[in-house]
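Here is a short briefing on the structure shown below.

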Amino acid sequence: MKGAKIAYKPVGFALGTVSGMIAGAAFKQTWKLIEGEGDAPDALDEGRPWRQILLAAAVQGAIFAVVKAAVERSGARATRRVTGAWPA
């Protein structure tokens, strides 16, 4: 089991980077569908209403969580196929 954890470390690091890029792109596209704007509001964007800022934060958080879970689960399954043990 310890070997699976060690084998998963570099895989997990690489997958974390890839999942961040995927989630960022997915959020940009989703935000365009929701608000019809190119850029999502930032928390410090004074010209945007609270509703818009909080909606953007909630959508972004949900997308990042789903993508992260899907990518980590896929990486763990791949590690089990290679090592024969679950990396947790």
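**Salt bridges, rings and surface charge**

Asp-45 is partly exposed, with a relative accessible area of 28%. Buried means under 20% relative accessible area, exposed means over 50%, and partly exposed lies in between (1.4 Å probe, protein chains only). This is a predicted model: local features need pLDDT of at least 70, side-chain atom pairs count only at pLDDT 80 or more, and totals for chains, interfaces and linings use all residues. Residues are numbered from 1 along each chain as its sequence is written, and side-chain values use heavy atoms, with hydrogens and water left out.

**Salt bridges**

- Side chains of opposite charge can pair when their charged atoms come close.
- The structure holds 3 salt bridges. The term means a side-chain nitrogen of Lys or Arg within 4 Å of a carboxyl oxygen of Asp or Glu.
- Asp-45 pairs with Arg-48 in one of them, at 3.4 Å from N to O. Arg-48 is partly exposed, at 21% relative accessible area.
- Arg-51 and Glu-35 form another salt bridge, with their closest N and O atoms 3.6 Å apart. Arg-51 lies in helix α2 and Glu-35 in helix α1, so this pair ties together parts that are 16 residues apart in sequence.
- Helices (H or I, at least four residues) and strands (E, at least two) are DSSP runs, numbered from the N terminus.
- Glu-72 is partly exposed, at 38% relative accessibility. Lys-68 is partly exposed as well, at 46%.

**Aromatic pair**

- A pair of aromatic rings is described by the distance of the centres and the angle of the planes.
- How many aromatic pairs are there by this rule? The count comes to 1 aromatic pair.
- Phe-27 and Trp-31 form the pair, which is tilted, with 6.2 Å between the centres and 35° between the planes.
- The rule takes rings of Phe, Tyr and Trp (its six-membered ring) with centres within 6.5 Å; planes under 30 degrees apart count as stacked, over 60 as edge-to-face and the rest as tilted.
- Phe-27 and Trp-31 are 4 residues apart in helix α1 (residues 2-35), so they are separated by about one helical turn.

**Positive surface patch**

- Arg-73, Arg-77, Arg-80 and Arg-81 form a positive surface patch.
- Patches are made of residues with over 30% relative accessible area and no salt bridge; like charges are joined within 9 Å, and nonpolar side chains (Val, Leu, Ile, Met, Phe, Trp, Tyr) within 5 Å.
- Lys and Arg count as positive and Asp and Glu as negative, while His and the chain ends are not counted. The place of a charge is NZ of Lys, CZ of Arg, CG of Asp or CD of Glu.
- Arg-73 sits in helix α2 (residues 50-83). Arg-73 is exposed, at 52% relative accessible area.
- Accessible areas come from the Shrake-Rupley method with a 1.4 Å probe; for residues, only the protein chains shown count as cover.

- Ala-62 lies in helix α2 and is partly exposed, at 42% relative accessibility.
- Ala-70 and Ser-19 are 51 residues apart along the chain, and their C-alpha atoms are separated by 8.8 Å.
- Arg-51 and Ala-40 are 11 residues apart in sequence and 12 Å apart in space, C-alpha to C-alpha.
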